[in-house]
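Hi,

Here is the structure I promised to pass on.

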Amino acid sequence: MAARPRRRNPWRFAMEVHDDPSYTIGIGTEPDNRRQVMIKLIWIAIWFAYMAAPVEDVLGDHHTLAGDVLGGCGLAVFVAGYLTLVFRHTSRPLERARVLGALAALVSLAVVLSLTLGGAWLVLFVYVCVAAGAVLPTKLSRITIPLVTGVLAGLGAMTPGAPEYLAALVVPALLGGFAMVGVRQMAMTTRALREARATVAHLAANEERLRLARDLHDLLGHSLSLITLKSELAGRMLPDRPDQAARQVADIERVSRQALVDVREAVSGFRRPTLEAELAGARTALAAAGIAADLARAATDHPDLPPDEEGALAWALREAVTNVVRHSAAQRCEITLAEEGDELCLTVGDDGRGPRGGPPGNGLTGLSERLQLADGRLETGPGPRGGFRLRAFVPLSRSLAPERPTLSS
């Protein structure tokens, strides 16, 4: 015996419809699939309860066969035009020629059907008011809805047997029209919010790409420069000093592994270098390049230096030393850390070629942006005794602390 199909729980189905985006469609969005089209049609069809009077008039024995056929065709054309307007133009900017032309056609059709077939057809003006509120801007709909309602009242006064319908149609026409004005405003606002949210997400993605580009530039530029220098040293030592060349190769392996770790940390967003680690790396890089390093005034113990500001200075130190090694052709490099008022200043100076002409490179541009995020600033230019000097400033924590009120005696 075949298994009896299990009946679907209507409550569970309702919850699935609520939770599944393929079943639902939000305000201000256009349907993406057939199911969403049907859901939107069902919600629009709720308004068709008022169509009972003209439908009964067509199906009853109130007119000749020709009148019933023409009335049915006119009703079908009216419903198609109404659905097209409400379905396609509720959350869109006004397409003046198309929308105003369609509304004019609906008004004309409602007037002709009401005058020829009787007061039961006055209900079409309620749908004209609803369509006007759904597709017209607020200022224009405030004029159109009362105007269409006035036409409804005027035709009702002239049409025999219409007063029994008129009292029940004027208020729904006004309320339905102005209710749809609010629905249109909510749909347009929701559409604008969705576009704004997409823009914010795009900007956030671009900011993350810039962060990753800055980190990778600073990390790989320093590490690859050091690997290049040590590879050249190892190549020169190989014929006569294999032991020293082996030590350089071991250093290359260590730097490569550390670079891989740094890149993984940068990609995951957890990379925050420290001044102590970067000073050690600077000493190694300068020594490998044959540049004398003066670090006597580079004390890293600053209790008032916040972690984010320390990370910004550490990036500045890494970028500055990388530029000295790669571009300066210097013999000596001096690194100092000194307090200047409520700021800590990192100074990296050399006795090399000095600043080049033209705009700053990507490294200095990214470094300036990184310091600005830490409320700091960057100064670059020639040193007092020639060469190139980079100065990076960040605020100390005591400059950010609120002043305590003093008690007057």
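Let's start with Leu59, which sits in helix α3 (residues 52–59). Keep in mind that this is a predicted model. Is Leu59 buried or exposed? Its relative accessible area is 70%, and anything over 50% counts as exposed, so Leu59 is exposed. Leu59 and Gly71 are twelve residues apart along the chain, and their C-alpha atoms are separated by 9.9 Å.

Gly71 takes us to the next helix I looked at. It is one of the buried residues of α4, along with others including Leu75, Phe78, Tyr82, Leu85, Val86 and His89. Helix α4 covers residues 65–89, which makes 25 residues. From its first C-alpha to its last it reaches 36 Å, close to the 36 Å expected at 1.5 Å a residue.

Now for how the helices pack. Two packed helices are described by the angle between their axes and the distance between the axes. Take α4 and helix α6 (residues 124–135): their axes come within 9 Å and cross at roughly 20°. Angles under 35 degrees count as roughly parallel, so α4 is roughly parallel to α6. The crossing of α4 past α6 is left-handed. On the α4 side, the contact is made by Leu75, Phe78, Tyr82, Leu85, Val86 and His89. From α6 come Leu124, Tyr127, Val128, Val130, Ala131, Ala134 and Val135.

α6 also packs with α7, at an angle of about 175° and with the axes 9 Å apart. That is over 145 degrees, so α6 is roughly antiparallel to α7. Here α6 brings Phe125, Val128, Cys129, Ala132 and Gly133 to the contact. Among the residues α7 brings are Ile145, Val148, Thr149, Leu152 and Leu155.

Which residues does Thr149 touch, not counting residues up to four places away in sequence? They are Cys129, Val170, Ala173 and Leu174.

Next, the nonpolar cores. The largest has 43 residues, and Leu313, Val321, Ile335, Leu346 and Val348 touch the most other members. Elements that give two or more residues to this core include α8 (163–237), α11 (307–328), β2 (332–340) and β3 (343–350). The largest share, ten residues, comes from α11. Apart from this core lies another, of 37 residues, among them Leu122, Leu124, Val130 and Leu155.

Leu396 has 1% relative accessibility, so it counts as buried. Leaving aside neighbours within four places in sequence, Leu396 is in contact with Asp304, Leu305, Pro306, Glu339, Asp342, Glu343 and Leu344. Leu396 and Glu310 are 86 residues apart in sequence, yet their C-alpha atoms are 9.6 Å apart in space.

Finally, the whole chain. It has 13 helices and five strands, and 39% of its 409 residues count as buried. Of the contacts between residues at least 6 apart in sequence, 70% join residues at least 24 apart.

Happy browsing!

Definitions and conventions: Residues numbered from 1 in each chain as written. Predicted model: local features only at pLDDT ≥ 70, side-chain atom pairs only at ≥ 80, totals over all residues. Heavy atoms only, no water. Core = buried A, V, L, I, M, F, W, Y, C linked by side-chain atoms within 4.5 Å. Buried < 20%, exposed > 50% of the residue type's maximum accessible area, 1.4 Å probe, protein only. Helix = DSSP H or I, 4+ residues; strand = E, 2+ residues; numbered from the N terminus. Expected span 1.5 Å × (residues − 1). Axes fitted to C-alpha atoms, helices over the stretch in contact; angles between N-to-C directions. Parallel < 35°, antiparallel > 145°, perpendicular 65-115°, else oblique. Left-handed = near helix turned anticlockwise from the far one by under 90°. Contact = heavy atoms within 4.5 Å.
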